[in-house]
Amino acid sequence: MEVVIKNYDVIVIGAGAAGLMCAAEAGKRGRSVLIVDHAEKAGKKILISGGGRCNFTNLYASADDFLSKNPHFCKSALARFTQYDVLDMFEKQGIAWHEREHGQLFCDESAKQVVNMLLEKCSKHAVIIQLNCHIDEIIQNKGFDVHTNQGLMHCESLVIATGGLSIPKMGATGFGYQIARQFDLTIVETEAGLVPFRLTGKIHDSLKALAGISLPVVASCGGQSFCEAMLFTHRGISGPAMLQISSYWHAGEPIEVNLLPDLDVRTWLQEQKTLRGKQHVRTVLADILPKRLVLHWCECHIPDKPLQALSESDLDVIVSQLHAWQLKPAATEGYRTAEVTLGGVDTACLSSKTMQARDVEGLYFIGEVVDVTGHLGGFNFQWAWASGYCAGQFV
Ligand SMILES: Cc1cc2nc3c(=O)[nH]c(=O)nc-3n(C[C@H](O)[C@H](O)[C@H](O)COP(=O)(O)OP(=O)(O)OC[C@H]3O[C@@H](n4cnc5c(N)ncnc54)[C@H](O)[C@@H]3O)c2cc1C
């Protein structure tokens, strides 16, 4: 018979942003805490985030930046551990940071500093971290028995912080959903979010020549719009605008792209017509759009004539192809490259104050495994910190 090797007040499964935060907070309250993770290293996603600089929060974070079946669920945690609390935590640790566009905050130096900060906080409060630890089974038994390849551990409070399905190569698993189902919690269907689009067939053949071109656009789908950069790639389209809109896209739907969001193309072309009527559309448009893109648009989407020869219907075509280009992706690149997983443990099954399962005393879910998904821009870490902090006060 397997012998209980250690009893803990709290076991946290998952040494990511949410799990480390929760463990440190619980340790601070004097709880004995163990974190287990099947990976060989803690905080692997933090290390690769934000191009190695970790976009750790956003100055303007609010509930509006999150998708969830219940958009109100995240409000309580976000209010109890705000972006300013995150900044305070970073400043106490001496981590220098800078702001980029849209209020995105990044480390000046390296994401490693963030992992080190969390590990130091854990160590300060005597949290034990057990890596390369694979969980075989969890059984409710006056608390929870956690059967692992490193023996049987027991705890009063069990925190599931195993993240979502994105980037399986980095150790992402559906383990959190499996545990939720085991305890009869419902799962909101999961999908890859913040992910590039793949194009196929004719559209791919025609657009792949544009690979490498990036330009600011407004991308719209599912009632949402994002004004960010779009990037043509060898496989399809990416860039922040496309990553953002991917979280709102469903298979088969078109995405509308405004390639010149800051210009009224019709008025501008009419002005140009009086100034340089003999010049062709492609010459004139090359002043305001990347040349390679213009050549392609003039070959495939819009009439290329001298401006003075443009009819009203020609203008209509140009305006709609530049201001409301309709693009139908074949699919997203899926979990392989997605930054996040949409959906997850249904918030209806959790307390927004404690993150505890309503019907399973002592079982908590935090971070990305929960059906709360942020936009691009530091919001997903903000959710990990906030949900981890809140659970840490109650476990
Ligand atoms: C490339 C990339 C860049 C990103 N950049 C940013 C950014 O700059 N800003 C931002 O806000 N968000 C970013 N994100 C999203 C952000 O990383 C996640 O939302 C966040 O890490 C979620 O934290 P978490 O603690 O819930 O889960 P995770 O960080 O995924 O941690 C889960 C942990 O659980 C462990 N685990 C999983 N399954 C098991 C199991 N069966 N047994 C034991 N352990 C298990 C994993 O090994 C992992 O350590 C990025 C994501 C990616 C993929």
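Which of the 35 residues around the ligand come nearest?

Modeller: The model is predicted: local features need pLDDT of at least 70, side-chain atom pairs count only at pLDDT 80 or more, and totals for chains, interfaces and linings use all residues. Residues are numbered from 1 along each chain as its sequence is written.

The nearest of the 35 residues around the ligand are G14, G16, G163, F175 and G367; a residue is near a molecule if its C-beta atom, placed from the backbone, lies within 6 Å of it. Two or more shell residues come from each of α1 (17-28), α2 (44-48) and α13 (379-392), where helices are DSSP runs of H or I of at least four residues and strands are runs of E of at least two, numbered from the N terminus. The largest share, four residues, belongs to α13. By class, the shell holds 15 nonpolar, 15 polar and five charged residues; Ala, Val, Leu, Ile, Met, Phe, Trp, Tyr, Cys and Pro count as nonpolar, Asp, Glu, Lys and Arg as charged, and the others, Gly among them, as polar.

Because 11 of the 12 residues of α1 are buried, the helix is largely enclosed by the rest of the structure; buried requires 20 or more other C-beta atoms, placed from the backbone, within 10 Å of a residue's own, and exposed 12 or fewer, with partly exposed in between. Among the buried residues are A17, M21, C22 and E25. After α1 comes G30, with a positive phi near 90 degrees.

Buried positions also occur in strand β6 (residues 104-107), where Q104 and F106 point one way, L105 and C107 the other, and all are buried. In a regular strand the side chains alternate between the two faces of the sheet. Strand β5 (residues 97-100) is joined to β6 by four antiparallel bridges, and R100 stands opposite Q104; pairing requires at least two DSSP bridges. Three residues separate β5 from β6 in a hairpin, and H102 in its turn has a positive phi of about 60 degrees. On β3 (residues 55-58), which pairs with β6 in the antiparallel sense over three bridges, N58 likewise stands opposite Q104.

The chain is assigned to domain 1 (4-191 + 340-392) and domain 2 (196-332), with bounds from an automatic or database domain assignment. Their C-alpha centres lie 40 Å apart. Five residues of domain 1 are in contact with four of domain 2, contact meaning C-beta atoms, placed from the backbone, within 7 Å. The side of domain 1 that touches domain 2 has three nonpolar, two polar and no charged residues.

The loop between α11 (291-300) and α12 (312-323) carries S311, which is exposed, with 10 other C-beta atoms within 10 Å. S311 and S351 are 40 residues apart in sequence and 61 Å apart in space, C-alpha to C-alpha.

Methods: Contact = placed C-beta atoms within 7 Å.
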